[in-house]
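Let's take a walk through this model, one residue and one packing contact at a time. Have the structure open and follow along.

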Amino acid sequence: MAKKKQAGRRLEGWKAKKWYRVYVPETFGKVEIGDTISADPENMIGRVMTTTLGEVAQDYSKSHIKMRFKINNVAGDAAYTEFVGHEVTRDYLRSMVKRRTSRIDTILPLLTKDGKLLRVTVVCLTLTRADQSQVHAIRQAVTQILTARAAESDFDTLVKDIVSGDLARDIFKVVKTIYPMRRVEITKSKLEQIAAV
């Protein structure tokens, strides 16, 4: 008897919930990335949605880039998000690493012009194995380029440059003069916090 009552109550709770369409920020063209369900729009604030750049840009050659968006605003039956990070899939990264070459990882916190702190991971892959002094010079160049670019860009512009690969291309042009490079990839980014300006 009690079981029946419980089932009835659960159905009511389900009926009370409503579907919301989730959109990516203006920077990425306000594309719809899916639906989410909630009884109260307030409960959706802070919910993180994951998709691929392939789906956002309708370019499936970019499906190896996973992107995370956090819902920060709900209006009517639409939920709007902000970018909180991206990551390149492990198998894609593994396919790029070759034997007898150097993989140089640089992890950096970047402060943008509008006071947001973004932590990025840059992977530089050389054609042949580099020695320690060359690795050090490459890391230094990567740090200088990224810090300078972040200081002159707002968060949205920086994120767009990172995800589109433009920033990685600019880094590649500079570091290939230090040592022959095969690839430069920004494999991960994460919004750490909004720093006090």
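His-86 is buried, with a relative accessible area of 4% (buried means under 20%, exposed over 50%, partly exposed in between, using a 1.4 Å probe and protein chains only). You'll find His-86 in strand S5, residues 78-88 (strands are DSSP runs of E, at least two residues, and helices are runs of H or I, at least four, both numbered from the N terminus). A word on ground rules: this is a predicted model, where local features need pLDDT of at least 70 and side-chain atom pairs count only at pLDDT 80 or more, while totals for chains, interfaces and linings use all residues. Residues are numbered from 1 along each chain as its sequence is written, and side-chain values use heavy atoms, with hydrogens and water left out.

Back to His-86: its side chain makes a polar contact with the side chain of Ser-189 at 2.6 Å, and the His-86 side chain also reaches the backbone oxygen of Ile-186 at 3.1 Å. (A polar contact is a pair of N or O atoms within 3.5 Å; within protein, one must be able to donate a hydrogen and the other to accept it, and residues adjacent in sequence count only if both atoms are side-chain atoms.) Leaving aside residues up to four places away in sequence, His-86 touches several others, among them Ile-65, Met-67, Ile-162 and Val-163, where contact means heavy atoms within 4.5 Å.

Now for the helices. H6 (residues 155-164) and H7 (residues 166-175) pack at about 70°, their axes 4 Å apart (axes are lines fitted to C-alpha atoms, for helices over the stretch in contact, and angles run from 0 to 180 degrees between N-to-C directions). That makes H6 roughly perpendicular to H7, a label for angles of 65 to 115 degrees, with under 35 roughly parallel, over 145 roughly antiparallel and the rest oblique. H6 brings Leu-158, Asp-161, Ile-162 and Ser-164 to the contact, and H7 brings Asp-166, Leu-167 and Arg-169.

Last stop, the salt bridges: the count comes to 11, each a side-chain nitrogen of Lys or Arg within 4 Å of a carboxyl oxygen of Asp or Glu. Glu-192 meets Arg-119 at 3.2 Å, N to O. This pair links distant parts of the chain, strand S8 (residues 181-194) and strand S7 (residues 116-126), 73 residues apart. Glu-192 is partly exposed at 33%, and Arg-119 is partly exposed at 33% too. Within H7, Asp-170 and Lys-173 sit 3 residues apart, about one turn of the helix, and they form a salt bridge at 4.0 Å.
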